Amino acid sequence: MTSRNRRTGLRAALALGSAVAALAATGPAWSQTSAYSAVDPFIGTGPDGHTYPGATVPFGMVQLSPDTWIGDFHHSYAHAAGYRYDDKTIQGFSHTHFSGAGHSDLGDMLVMPIAGDVKLEPGDEAQPGSGYRSRFSHDTEKAEPGYYAVTLSDYGVRAELTATPRAGLHRYTFPAGKAAHLLLDLRQSIYNYPGKTLWSRIRIRADGTITGFRETRGWAPGRQLYFAMRFSAPLAGHELYDRETPIDYKGFKTPGDSPADTQAVEGRGLVGVFDFGALSGPLTVKVAISSVSEAGAVANLDAEAPGFDFDKARSEARAAWEHALAAVDIQAPAPMRKTLYTSLYHALMAPSLSMDVDGRYRGPDNEVHQAKGFDFVSTFSLWDTYRAEQPLMTLIEPEGRTADVVNSLVMSQQESPFGMLPIWQFQGIEGWCMIGYHAVPEIADAYLKGIRGFDADKALDAMVATATYAPYGHLGDYMKLGYVPVDNDGEAASKTVEYAFDDWTIARMAKAMGREEVARTFEARAQNWRKVFDPKVGFVRPRLADGSFRAAFDPAQAGAESGFTEGNSWQYSWYEPQDIGGLIHELGGDGKLVGKLDAMFEAKVDLKQYANVEDMAGMIGQYVHGNEPSHHLAYLYAYAGQPWRTQERLKQIVDSQYRPTPDGLVGNDDLGQMSAWMIFTALGFYPVAPASNEYVIGRPFVERASLALPNGKRFTVTTEGLSDAHPYVGRVILNGRPLTRSFIRHDEIMAGGELRFVMQATPNKTWATGAGERPFSMTAY
């Protein structure tokens, strides 16, 4: 991050010290641990969360973490983050990972310390000793933000990991008297398959630096990643192998009679073994990465890890996390506090830095570009993060951070061969996963909140260019018919409603900028959700090109050719957050909306029917908390004038879907979106419609929380009488005055002050019930 995005370390340390001192003086005993100590990186590493426990810094380019199993992508979903808590062996430690993704890649530059004899294949986890992998015990593991440690029991090696933004540092303590080796395996990749590595290189430079690269054909096609590696101990020997077989064309022989003689190797099956003999102390290994070049990786290494002081790097990583986590001061019972600070930790990982120290980065055209005046970031899981994760950043991160996000999105559009904003991009390369064009609401939300530091006209032009690129996602049909026909698109209904929301955010930004023609065009498109809503059945349903709805409609149908994306009509019929008033009219009134929401939450569901549908997890009836289309649904009762029903549902969701354990996330964390939902909900409000500048009020789950706002002010949420016996909101008070509406505005939060909830045992059925007290809707209530 550039200096404009960070307070000084002294100020951060002072702020953290003051917060701890204040809690010690006035807070209950369960609030006295630091925010840093409350984080548990193992939360979500169980069956469904897809998080990793390894070392990274906030928004860091390196995510150095153990991989317990890497294999064929057809069987890799459970290991999308490389690590799974119930595994018994570690295959190695690689330098790049996604946190909570529902699809995967990465696992770059896997290394494994070995004591004694070296095996070149990972082996079978069910057969100890069959390869270089090692058994381990959770009893020897330690994970905290910026640090991970474990003992590899088959080798007796203590492994420790920490990170800087662009480098990973390893410290390995080998058993006395045993030969120490480090294996580098460039064949291994999360979601692997034969032929995924298109080309790779390892070379040993004259000064002992190991450099290389690999290009892979994975989720992001043609992705190149370079590395530079140095050791704290001199090499006693090395072996460089190309294990690919068969090779039809080998070229001519390079110098060296054996793997121990050659200084460089290129190919598609590379393994390097670096020998150190018997060491008298720990071996420190430092590895920097670059998407630009080997020289870029060397420069990153020189800039961020000039020496081999592992403890210093660990201390700096801790300080970075302490500063980032101090943005929210939470007082709550220990289990909730652990859940929330771990959620905040997960929300602060992406989009991640994706440029070298000199500002160069690789863009979606696979060319090298220069960032001027901003940090280029990538890892954009936009279908997920526009909903709550990025809106949260506008409240707790400096404005420069959001400006970096917007500038990176806009530059990506300008560099894209398709002239489009990112859809699902990482390390600068587009992966084309999911639907919609959800970079658009992230930009609009930032602009409408008054965040600057980017060219608004270029940003709006990029938004319009993306929303009118006909070849993408049947946008040509959408622009012609007002909806995506299901004739040739198995996700047509989902695309239509998501496009319509994105269009509304374009209209909002255009109107605020005075670009009225653009605003009128996209405001009209924002009503296209009506084209796929059938009032006769009360559901969004797939529609054919001839204008008729597809026959044999079942709102519970999900999966291929259902017309819906990772869901069904029960989840998607509510996806018009810009116009819930219009939905209420289509359904026939407030009571109809409430009744339909209740029917969704209380439906009797045979989970077997969704066994083969990706990411339909955490089901409460037909509500699916494990996937994003459901995330706003509990808040919709407030739009019908029954906010106490929202309060009931939120309690039901929080109690059943989150817990501070490895299996504590019911679905993929999706680069922080599941976590951001929990943070907002615990605070008592949620951004149902990003770019509306409103947050719908739910109910709090904390005794007190204070946000350190980007403008230097503080906004504090307090509660009175919060307990399981008092789950309902009786009154809401903003800065000493009663708040009679079920939403709070962004500028009210940014002004600083206090939002106070008075809780009670029974619902208050008179609060925020009137039409004028409900959240924004295009159509009046």
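Me: Arg-774: buried or exposed?
Reply: Arg-774 is buried, with a relative accessible area of 9%. Buried means under 20% relative accessible area, exposed over 50%, and partly exposed in between, using a 1.4 Å probe and protein chains only. The model is predicted, so local features need pLDDT of at least 70 and side-chain atom pairs count only at pLDDT 80 or more, while totals for chains, interfaces and linings use all residues. Residues are numbered from 1 along each chain as its sequence is written, and side-chain values use heavy atoms, with hydrogens and water left out.

Me: Which side chain meets Arg-774 in a salt bridge?
Reply: The side chain of Asp-590 does, at 2.8 Å from N to O. A salt bridge here is a side-chain nitrogen of Lys or Arg within 4 Å of a carboxyl oxygen of Asp or Glu. The two residues are 184 residues apart and link distant parts of the chain: Asp-590 belongs to helix α16 (residues 590-602), and Arg-774 to the segment after β37 (753-760). Helices (H or I, at least four residues) and strands (E, at least two) are DSSP runs, numbered from the N terminus.

Me: And Asp-590, what is its relative accessibility?
Reply: Asp-590 has 26% relative accessibility and counts as partly exposed.

Me: How many salt bridges does a search of the whole structure find?
Reply: The search finds 43 salt bridges. One of them joins the side chains of Arg-756 and Glu-720, at 3.3 Å from N to O. Arg-756 is in strand β37 and Glu-720 in strand β33 (residues 714-720), so this pair ties together parts 36 residues apart in sequence. Arg-756 is partly exposed at 25% relative accessibility, and Glu-720 is partly exposed at 37%.

Me: Which residues are linked in a network of salt bridges?
Reply: Asp-105, Asp-108, Lys-196, Arg-214 and Arg-223 are linked in such a network.

Me: Changing topic: how many residues of strand β4 are buried?
Reply: Six of the six residues of β4 (residues 110-115) are buried, so the strand is largely enclosed by the rest of the structure.

Me: Which residues point which way from β4?
Reply: Leu-110, Met-112 and Ile-114 point one way, and Val-111, Pro-113 and Ala-115 point the other way. In a regular strand the side chains alternate between the two faces of the sheet.

Me: Which strand pairs with β4, and in what sense?
Reply: Strand β10 (residues 179-185) pairs with β4 in the antiparallel sense, over six bridges. Two strands pair if DSSP finds at least two bridges between them. Within β10, His-181 is the bridge partner of Ile-114.
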